[in-house]
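Hi,

Here is the structure I promised to pass on to you. Have a look at it first, and then read on for what turned up.

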Amino acid sequence: MKRDFLFTSESVTEGHPDKLCDQISDAIVDAFLMQDPYSSVIAECAASTGVMFVATRFASQARVDVAEVARRIAHQVGYDQGSFRARDATVMTTFQELTPSLYSQRDEKTLNDAELEQLSARHPATVFGYACNHTSNLMPLPVSLAHRLTRRLSAVRFEKLLPYLAPDGQSQVGVEFHNRRPVRIHSISLVASQRAADAVDPVQLRADLIEQVITPAFRDEAVRPDADTNIWINPYGPVIEGGPALHAGLTGRKNAVDTYGEYSRHSGSALSGKDPSRIDRIGAYAARYAAKNIVAAGLAEECEVQLSYAIGLSRPVSVQVETLGTGRIDDDEIRRRLEAHCDFRVGAIISRFNLRHLPAQVKGGFYRKLGAYGHVGRTDIGLPWEQTDLVAAIR
Amino acid sequence: MSEPLERQPEFKTGVKTQRMGHAGIGALVTVVHTGVAGRLRLRSALLYRAEQHAERIGAELALDPRIVEVRVAPLTGSILLHFDAQTGPGAMIERVVQALSQLANDLQTTDVDVSVRAAPKNNPSPPTPLPVKPTTVNPVAVRPPLARMHRISTVMPPWHNLPVSVAIRQLSVDLQRGLTLQEAAARLLRDGANSLPIAARRSRLSMLTGQFISGPVLMLGVSAAVSIATGGVADAVVIAAVVLINAAIGYFTEDYAERTIASLAKLDFGPARVLRNGVSMNVARSDLVAGDLLLLAPGTQVPADARLIEAEHLSVDESALTGESLPVSKSATKLVPTDTPLADRQNMVYMGTLVTGGSARAVTVATGDRTEIGQIQMLVGETRPPETPMQRQLGQMGTQLAWASTAICVGVFGIGLLRGYGGLAMLKSSISLAVAAVPEGLPTVATTTLALGMQRMRRRNALLRRLDAVETLGSVQVLCLDKTGTLTRNRMTAVEIRTVEMDVRIRDGVFTRAEGQRVEPADHPVFARMLEMVSLCSDSDPKSDANGSNGSATESALIEAAGLAGVDIPRLRREYPRLRTRYRSETRHYMATWHTSASAAGGRVAVKGSPEHVLERSTFVYLEGELVDLTPELRVSIQQQNEAMAGAALRVLGIAYAPLPYDLTPEETSELSLPPLIWLGLVGMTDPPRSGMRELMHRFHRAGIQTVMITGDQSATAYAIGHELDLGQGTPLQVLDSTALERVPPELLSALVERTHVYSRVSPAHKLRIVQALQRAGKVVAMTGDGINDSPALRAADIGVAMGDGGSEAAREVADIVLADNNLHTMVEAVEKGRTIYANIRKSIHFLLATNLSEIELMLAGIALGQGEPLGPMQLLWINLVTDILPALALALDPPSDDVLSQAPRDPAEAIIRRADLGRMGVESVTITGGALAAYAYALARYGPGPLASTHAFSALTLSQLLHAYSVRSEHSVLTDKGLPANRYLDVALGVSLVAQLATLFVPGLRGLLGTAKIGLIDAAVIAGSATAPFLLNQLIKPGGTGKGSKP
């Protein structure tokens, strides 16, 4: 077990093409679930110069104007000038209707135990959840800081403090660990795109970003950049426009940004664009829920929970708890307590987290908000899997 | 809207400007001056420059006892009244208004703004002339016989370089009123009619003489001369008869073909709209003269060369003149240098071009053959329809074959001489062989077949406008279909209205909520206001029915809904007279109208258009009777409403409005920006697909034709319809949604179009791009269209299909096929006919070549083997007559086989006769020759050389050839081919030929002429056998026994 090391994690703004596609995919999921909570929908999106491809497979009563959703998201993110414009973009949509009989049409909350057993996983999945005590929200520090930076980068654009910024942006934070505790910030790198070449010069940009983005982001942090911290701003020169015009985006390519910044293991499956019946998505949420509650209950300082599902079974075939030596009690004991108090069956997860009805209940859609800045560890929106209501039971 | 209707006119004396509100009357009359008691000066647009009207009003007013004196001045349109001072001016004004209203009614003006208004403060200029409802005035048709002789010199001033005022002066015409009727008639006399020189068709005489001036006829002439010289007068007579018969048949078929082709759906365009005598009227195009003021509207063809005076967003498709495929924008105010090329003269419009958008007023500068297009046509000379690719191919092939055959005939002559046969006899034989066997006139086969096919298509209401469209029909791979009007009936009905507070359905004229309770629109102010705004922001008349273009169908549906809700539309429009309109365009996705109000309620801006765009411009909304800000949550919920409606395949429009300051003038509304709007709601309209469309799509798919739908609707609507019609053919439906297709790189677009089934949110300008992208991807594209903006796409497509009924003139002009009854099913029939005609031409040529080859081979074999001539010269000519003409014609009329629409389209690059075909023809001719040779050999063996032997060869060959006509009907064995329908014509033709052939054996006179002899029963059996054997053999060597039908 390494005690002293350097770890880096990255995050991207919501204007990054990959994240744009994630948000579009999830907005489509929202749109379907809002009209018909029993929809089954898988949406994939690819964005390139001037063209967006959206492939939707669905079995649903809902009727959604997918092209309009894609444009709306692109517009909200800020793509309304330059060569990729939401209004003008060509959207190629492919639709495939699936047979609804294969999918559940009843509210999982109303199913009894036997029926829940019947609701099996339809995809193989090994998912991981992680929690640690770096932050108050029990998330690893590097990715948490990276998110703060990109959020701030986006905020200064929306608030017009730095109006020359374009939606695309990226951050990376390197944190030095001593005895597995974060002690200093080794490096920070920011890539910010600007609307036009003459909008700002690099020197001014650097000064602005340090003053308006980096400094405010770290203001309330225990670990802050010091005089030796390397700060790189646009190390390869100015990025003009950015976005899909510069590099293509695809749903599901920022898994690490969506989860733990690679600090822990994570599943290779994309999280965005899938409806609640997909265990490769909701399992990750359940695993996070488990890990967070374990750490919150004080059973360990950091904890990784692994769930493995096989096609045809509703229960996971494997539940593993790994506390990396920080467990107060034996890992097996923790696992037993977990399994005793937490139902990891597909239907149980859907009903516990109310995954089908959240889009209709949350203003502006639910899953769309997960499309940027992480599916887990969020402090800005209330997520069901971030609740620590299991603590009392497993302590 | 429930303001008091009656208000006493109030005014102050001595003050010029005042406003009088009088319910239901508008700017019919403007009060100029009422200062002095007993004197009144008014001005009216109706009288402006209208002597007759002025006289009439003057006379009428003079009759009024209260009036002392009346003076009406048409020059300014003003009326000066001296009247009894006891009477108030108000009463006088009323009298004048009454008289003018009566006049207006008589002119059938319904849209006249009949309010009384004070003169604007600052200008003494006359008010703009009112829009008068069109009356069709037929000017006196003066058509002097020799008008054409008076050619005005073609040295014309460079109109595009002259300012409008100068042009007007040059042409001596009044800018506001146009020519007077007398002046127009005089100029017609002077300049001649405005018509283009019609190319003279080939005269009948030249067609007849053409029959006699050809190689074969000349050769036969030589042969006849030789016969006469050698004393064979009978022979010469026969030759002459043959020539005459051939000539007659040739003349009749060619004449028929020419007539049919010349009648290729000629369109005559409707009348032109001009301003004469201050009144806009319809005038026959040929009656236009220089100086006429043209009023141009979208969808019309420009009737003469003209200089623009004023143009509003005018765009013109000039491809007929310049070849430029996209419409060009025109502007009246630009002056361009004298040497500017035609395509860049932005302030001119030319005869023969099509107005695709906007409107304009222009002064005619040239008519008839003095126009640009007239000049071009004079240069071109006699116009014949261009040769189709197939005709060209056949022409080339025919020439090559003719040379080859002639060479062989010369060879036969030579070998005959070598073999020791008499020179003269060989000469006659060779000439007859040449005449019979050399395939001349292959293109004629094609032409005749095409003409016959075209007639049959016309009977099915598919009017062809270009000959080569028939060929292209057989190779169409993609059919691009317009949604509105083609796949649907374009009869919109409003079925759903949603405001932020209410969801209302409209069924059978009744408004109900989703739950079922009835809704009275009058009880819900927002709802009522929405319908009122919709009525104001529409051009449609409540009384007219929907016809043709998108705009009016949508508006008719809206007006209908408003009417159902009890809105009194004419009255509403009178209460809120329209000041200005901004129409929907490529860059503006909504229509906005500015209205003033007779009452103090103030004016309105009414907006309707694409929901996102109207919502974007709305800032407020009524919630529970209060005007509140449109919060983001409300916006989202409105967007969701829109999506839900679009997802139900409705066309959705957003409606909003804003109040305007009271007392706004037209000038003030000319600023373009919209005020922040109050959102009212969404209207959803359905335009259901025509019946049977889904099955029709399946038929196209089975024929190997991909169907693609193009629509301006949102993608959810487009998807719903695409799904209903199964355009994806079972595969996932691909929808391409774009408002800016021009920003997609061409290679990417070409790749995308190959997979796309539906295009949504597409504007007409993009149709051209889609067609071009498909063609770049190597497809043969057919496109349907009926709107004025479709002409570039229709022209670019390999087959442009226009709807005959209700489509625009422009579309029908450029299309290759016009479906006269708007029935898309006819398109499938057209494809079927196209493929069949092509196949039939193939069959005819196949037949002709195989049989002609067999004749050559037989002669060659016989002479080369030293067995005498199997066929005499007369017999050869007989074969030419009997076997070449009737069967070939009958084959051209072969009906379509059952599976012609179950096969893939033909490859357009494929030659009509391929190498493989030539090979097969050779083999078949050999079998036929073999059979005839066998009969000949038998006869030689039994009877020795002489007429009897030659009779055997003659009869066997002819019968064999006749049977071959059946054989060519299919690629597969005709005995087992199940999909081959009967061809009555062929049966009859072959029957007649058979009878004729039997006649040669039994009629003594004929026997003598042709040199045949009587045969016995066994001989007959041998002949029959040697005619049927090749037929059977030819079936056996065809590919794949039991295939169905004939592959083209």
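Val51(A) stands opposite Thr90(A), a residue of strand E4 of chain A. That pair belongs to a parallel pairing of strand E3 (residues 51-59) of chain A with E4(A), which runs over 8 bridges. E4(A) itself is mostly covered, with 6 of its 8 residues buried. Please keep in mind throughout that this is a predicted model.

E4(A), residues 90-97, also has a partner in the other chain: with strand E27 of chain B it pairs in the antiparallel sense over 5 bridges. If you want to find the spot on screen, Val91(A) has Asp737(B) as its bridge partner, and Met92(A) has Leu736(B).

That leads to the contact between the chains in general. On the chain B side 26 residues take part, and they are in contact with 20 residues of chain A. Two or more residues of the chain B side come from each of helix H19 (632-647), helix H21 (715-724), strand E27 (733-737) and helix H22 (746-755). H19(B) gives the largest share, 6 residues. By type, the chain B side that touches chain A divides into 16 nonpolar, 6 polar and 4 charged residues.

Which residues have the most contacts inside the largest nonpolar core? They are Ile28(A), Ala70(A), Cys480(B) and Ile817(B), in a core of 241 residues. Helix H26 (residues 825-864) of chain B supplies the largest share of this core, 17 residues. Leaving aside residues up to four places away in sequence, Ile817(B) touches Ala462(B), Leu463(B), Leu464(B), Arg465(B), Ala469(B), Ile799(B), Val801(B) and Ala830(B). There is also a second, separate core of 67 residues, which includes Val200(A), Val213(A), Ala291(A) and Phe344(A).

E7(A), residues 181-194, and E8(A), residues 230-233, run parallel and are joined by 4 bridges. Within that pairing, Ser189(A) has Trp232(A) as its bridge partner in E8(A).

Last, two backbone angles to check. Most residues other than glycine have a negative phi. Leu138(A) has a positive phi, near 60°, and Asn179(A) has one near 55°. Leu138(A) lies in the loop between strand E5 (125-132) and helix H4 (141-158) of chain A, while Asn179(A) lies in the loop between strand E6 (165-178) and E7 of chain A. Are these residues buried or exposed? Leu138(A) counts as buried because it has 24 C-beta neighbours inside 10 Å, where 20 or more are needed. Asn179(A) has 7 such neighbours inside 10 Å and therefore counts as exposed, the limit being 12 or fewer.

Best wishes

Notes
Residues are numbered from 1 along each chain as its sequence is written. Chains are lettered from A and ligands numbered from 1 in the order in which they are written. This is a predicted model: local features need pLDDT of at least 70, side-chain atom pairs count only at pLDDT 80 or more; totals for chains, interfaces and linings use all residues. Two strands pair if DSSP finds at least two bridges between them. Two residues are in contact if their C-beta atoms, placed from the backbone, lie within 7 Å. Ala, Val, Leu, Ile, Met, Phe, Trp, Tyr, Cys and Pro count as nonpolar, Asp, Glu, Lys and Arg as charged, and the others, Gly among them, as polar. A nonpolar core is a set of buried Ala, Val, Leu, Ile, Met, Phe, Trp, Tyr and Cys residues joined through C-beta atoms within 7 Å.
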